[in-house]
Amino acid sequence: MSKVALGIAGTGMVVAVAAVAVGPRVSEWYDGRHQEQATYATGSAAKASAHTMPGWLPDNASSVQYMRSTTGDDRLLHATLAEGRLPAGCTTTTPGRSAHPVPATLKAGWFPEGVASKITGSCGHYNVTLTGNQLYAWQDGAAVQAAQRAGQQAKH
C-alpha cells in the first residue's frame, strides 16, 4: 500500500513541476497566437501588404514596424518619417488632452515603455508620439469601439 501511495505522490509532484515549468510558456503561446507582427521597408509597402495599416501613414515612411491584435482593434506602429513632422491629416495634441492607453495586450521590443506620457498628437484613432523623425503610434481597441458607438448614437 505504501508503494502505491508513494507512486501517486511522486506522479503528483511530477505533474506539479511540469505545470510550473510549462504553464508560462503555454500562456505566452496563447497570448501570442492572437497577434501579428511585421516589418516593412516603406509605408507604401506596408499599406500594400496589410489591409489594417492606417491610411495616414506616409508612403515614404521607412523602417515600418507594426503589431496588431487579431481579436480586436489594438495596434502598435513605429516608423521613421523623412520630414520629421506629423503626417497630413494628423492633429497636434492640445495641452491637458489625455491619451488612451497603450494596449496592455501588445508588447514589442521596438515600442518604448512610457510613450503614452509623451503624446504629441493623434492620427485617426491612433495616439502618436513624434520624437525627432521617429513616430510611435498606438490604438486602443476599447477606445476605438467607444468612438464608433458614440458616432452611431449621434446618427440616431
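Reader: Is Tyr 126 buried or exposed in this model?

Author: The model is a predicted one, and the answer rests on the relative accessible area, for which buried means under 20%. Tyr 126 has a relative accessible area of 4%, so Tyr 126 counts as buried.

Reader: Which kind of aromatic pair do Trp 56 and Tyr 126 form?

Author: The structure holds four aromatic pairs, and planes over 60 degrees apart count as edge-to-face. The ring centres of Trp 56 and Tyr 126 are 5.3 Å apart and their planes stand at 80 degrees, so the pair is edge-to-face.

Reader: How many residues apart are Trp 56 and Tyr 126?

Author: Trp 56 lies in the loop between α2 (43–49) and β2 (62–69), whereas Tyr 126 belongs to strand β6 (residues 126–131). Trp 56 is itself buried, because its relative accessible area is 14%.

Reader: Where in the chain is Tyr 136, which forms an aromatic pair with Phe 111?

Author: Phe 111 and Tyr 136 form an edge-to-face pair, with 5.9 Å from centre to centre and 85 degrees between the planes. Both residues of this pair, Phe 111 and Tyr 136, are buried. Phe 111 sits in the loop between β4 (91–92) and β5 (121–123), 25 residues apart from its partner, while Tyr 136 is in strand β7 (residues 134–139).

Reader: Which residues form one aromatic cluster?

Author: Phe 111 and Tyr 136 are an aromatic pair, and both of them also belong to a cluster. The members of this one aromatic cluster are Trp 110, Phe 111, Tyr 136 and Trp 138.

Notes. Residues are numbered from 1 along each chain as its sequence is written. This is a predicted model: local features need pLDDT of at least 70, side-chain atom pairs count only at pLDDT 80 or more; totals for chains, interfaces and linings use all residues. Side-chain values use heavy atoms; hydrogens and water are left out. Rings of Phe, Tyr and Trp (its six-membered ring) pair if their centres lie within 6.5 Å; planes under 30 degrees apart count as stacked, over 60 as edge-to-face and the rest as tilted. Helices (H or I, at least four residues) and strands (E, at least two) are DSSP runs, numbered from the N terminus. Buried means under 20% relative accessible area, exposed over 50%, partly exposed in between (1.4 Å probe, protein chains only).
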